[in-house]
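Reader: I would like to go through this model step by step, asking about one feature at a time. Could you keep each answer tied to what can be read from the coordinates?

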2 protein chains.
Amino acid sequence: MTRTRIHNLSISLDGFACGEGQSAEAPMGHAGHRLHEWMIATRFGAPIMGLSGGTAGLDDAFAQQHEPGIGAEIMGSNKFGPPGWQDDPEWKGWWGENPPFHTPTFVLTHRPRTSIEMAGGTTFHFLDVSPVKALDLAREAAGGRDVRIGGGATMARDFIAAGLVDHIHLVQVPIVLGRGVRLWDGLEGMEGDYSVEAVSAPSGVTHLTFTRQSSLVGLC
Amino acid sequence: MTRTRIHNLSISLDGFACGEGQSAEAPMGHAGHRLHEWMIATRFGAPIMGLSGGTAGLDDAFAQQHEPGIGAEIMGSNKFGPPGWQDDPEWKGWWGENPPFHTPTFVLTHRPRTSIEMAGGTTFHFLDVSPVKALDLAREAAGGRDVRIGGGATMARDFIAAGLVDHIHLVQVPIVLGRGVRLWDGLEGMEGDYSVEAVSAPSGVTHLTFTRQSSLVGLC
């Protein structure tokens, strides 16, 4: 049975996964890099920023789970580009010619366009459909592997609220952002569907993992 | 130099320190006991609920810090009683004849009344003053010991926002309450004044401690 998974979704203490005022110059709004410094410091995250090296401890062990076993990603419109990217026919995402997805990647938008094939195995498809329908299509494209729910916070929240996510990995960063896009709104009681584990890392962040109850293995 | 301290302030993942719908029957609103189960399970917390025994591990080590070195407490109106307690001249708090404070205890309310001397060293004083003025009075009463900022969330937030709190111990419980009184509102950037530490406990909660930068000891 394949799973739908969220990985490395960073939030502030007050639950914001993105700051206020997103733009081409400030993809995370007033949060800047603060929500992702923990990841940039790891072997997983350093290359994404064009750096080499990085730590190989707890933070990296979690971060590396982002890739294995994934056959497709679904992302929200706000992850693919800054506000207004739909008006730019040349926009191909933030990530250059070889995006770090390497699978079919479905972008949810009310203004779909023709698919874009990138280097390294990433093909962007654009969909104006419900979460359930998007997941159907992504599962089919994933060829028996798992589907990653890529965020941002708004679409992650929508998929969680619809009961469509089996594994959620959040990273709580010890800052109070005050403004932005809050993950938790509308998710009252969600812990009832999951086994929840928290582990604090020496870097100062706390990793929260939610495993859907029905995914747990019975031993007897 | 004495300090002002917050201890054992439990919050949900989404930052609520109290549920919605507080009443005499439901002091924590729809949250019930869920924010404090971690504490009730400890040697510190069990006796408060009339139980014996309890764990003596990490959760208890944090919980026990509530008492030593405290010479006075300031609490908000919502901690002292259910909505409307000001209309009941016989109301003496939730805690029976021997409340667990054992020091002068200042209750912030817009409708002050005569002080009440309880058994065990607790005397309730009622004040309609600003946080700064309340802290002045509590410091004077504390006789050289520290002042505890007792909560609830609204007054804790006011005192933190006013820069009046040196030590903050929060306990994040892995539930999403969805509604209630949120601690974080208005505290954007507060981490800049503090050294922050997070440690997850085997019970599933995560202890967050904020130590004011100016309280840190220089070693050279």
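This is a predicted model: local features need pLDDT of at least 70, side-chain atom pairs count only at pLDDT 80 or more; totals for chains, interfaces and linings use all residues.

Reader: Which residue in E7(B) does B:Arg5 stand opposite?

Author: Strand E7 (residues 146-149) of chain B is also joined to E1(B), by two bridges, and these strands run parallel. In this pairing, B:Arg5 stands opposite B:Arg148.

Reader: How many bridges are there between E1(B) and strand E8 of chain B, and in which sense do they pair?

Author: One position that shows the pairing is B:Ser12, which stands opposite B:Val173 in E8(B). Strand E8 covers residues 167-173 of chain B, and its pairing with E1(B) is in the parallel sense, over six bridges.

Reader: Why is strand E1 of chain B largely enclosed by the rest of the structure?

Author: A residue is taken as buried if 20 or more other C-beta atoms lie within 10 Å of its own. Strand E1 spans residues 4-12 of chain B, and it is largely enclosed because its buried residues number eight of the nine.

Reader: Which strands stand at the edges of the sheet in chain B?

Author: The sheet of chain B is open and has nine strands, in the order E5-E6-E4-E3-E7-E1-E8-E11-E10, with mixed pairing. An edge strand has a single partner strand, so one of its sides is left without a neighbour in the sheet, and in chain B this holds for strand E5 (116-117) and strand E10 (194-200).

Reader: At about what angle does helix H4 of chain B run to E3(B)?

Author: Helix H4, residues 131-142 of chain B, lies across E1, E3, strand E4 (104-108), strand E6 (123-127) and E7 of that chain. Relative to E3(B), the helix runs at about 155 degrees.

Reader: Which residues have the most contacts inside the largest nonpolar core?

Author: In soluble globular proteins, nonpolar side chains tend to be buried together. The largest nonpolar core here has 105 residues. B:Ile74 touches, among others, B:Phe106, B:Leu108, B:Ala138 and B:Val147, leaving aside residues up to four places away in sequence. The residues with the most contacts inside the core are A:Ile74, A:Ala138, A:Ala156, B:Ile74, B:Ala138 and B:Ala156.

Reader: Is B:Thr55 buried, partly exposed or exposed?

Author: B:Thr55 lies in the loop between helix H1 (37-40) and helix H2 (58-63) of chain B, where it touches B:Ala41, B:Thr42, B:Arg43 and B:Asp60, not counting residues up to four places away in sequence. Since a buried residue needs 20 or more other C-beta atoms within 10 Å, and B:Thr55 has 19, its class is partly exposed.

Reader: Which strand of chain A gives the largest share of the side that touches chain B?

Author: Between the chains, 21 residues of chain A are in contact with 21 residues of chain B. By class, that side of chain A has 11 nonpolar, six polar and four charged residues. The largest share, four residues, comes from residues 194-200 of chain A, that is, strand E10.

Reader: What ipTM does the predictor give the complex?

Author: For chain A the average pLDDT is 95, and 98% of the residues score at least 70. For the complex, the predictor gives a pTM of 0.93 and an ipTM of 0.91.

Key: Residues are numbered from 1 along each chain as its sequence is written. Chains are lettered from A and ligands numbered from 1 in the order in which they are written. Two residues are in contact if their C-beta atoms, placed from the backbone, lie within 7 Å. Ala, Val, Leu, Ile, Met, Phe, Trp, Tyr, Cys and Pro count as nonpolar, Asp, Glu, Lys and Arg as charged, and the others, Gly among them, as polar. A nonpolar core is a set of buried Ala, Val, Leu, Ile, Met, Phe, Trp, Tyr and Cys residues joined through C-beta atoms within 7 Å. A residue is buried if 20 or more other C-beta atoms lie within 10 Å of its own, exposed if 12 or fewer, and partly exposed in between; C-beta atoms are placed from the backbone. Two strands pair if DSSP finds at least two bridges between them. pLDDT is the predictor's confidence in each residue, from 0 to 100. Axes are lines fitted to C-alpha atoms, for helices over the stretch in contact, and angles run from 0 to 180 degrees between N-to-C directions.
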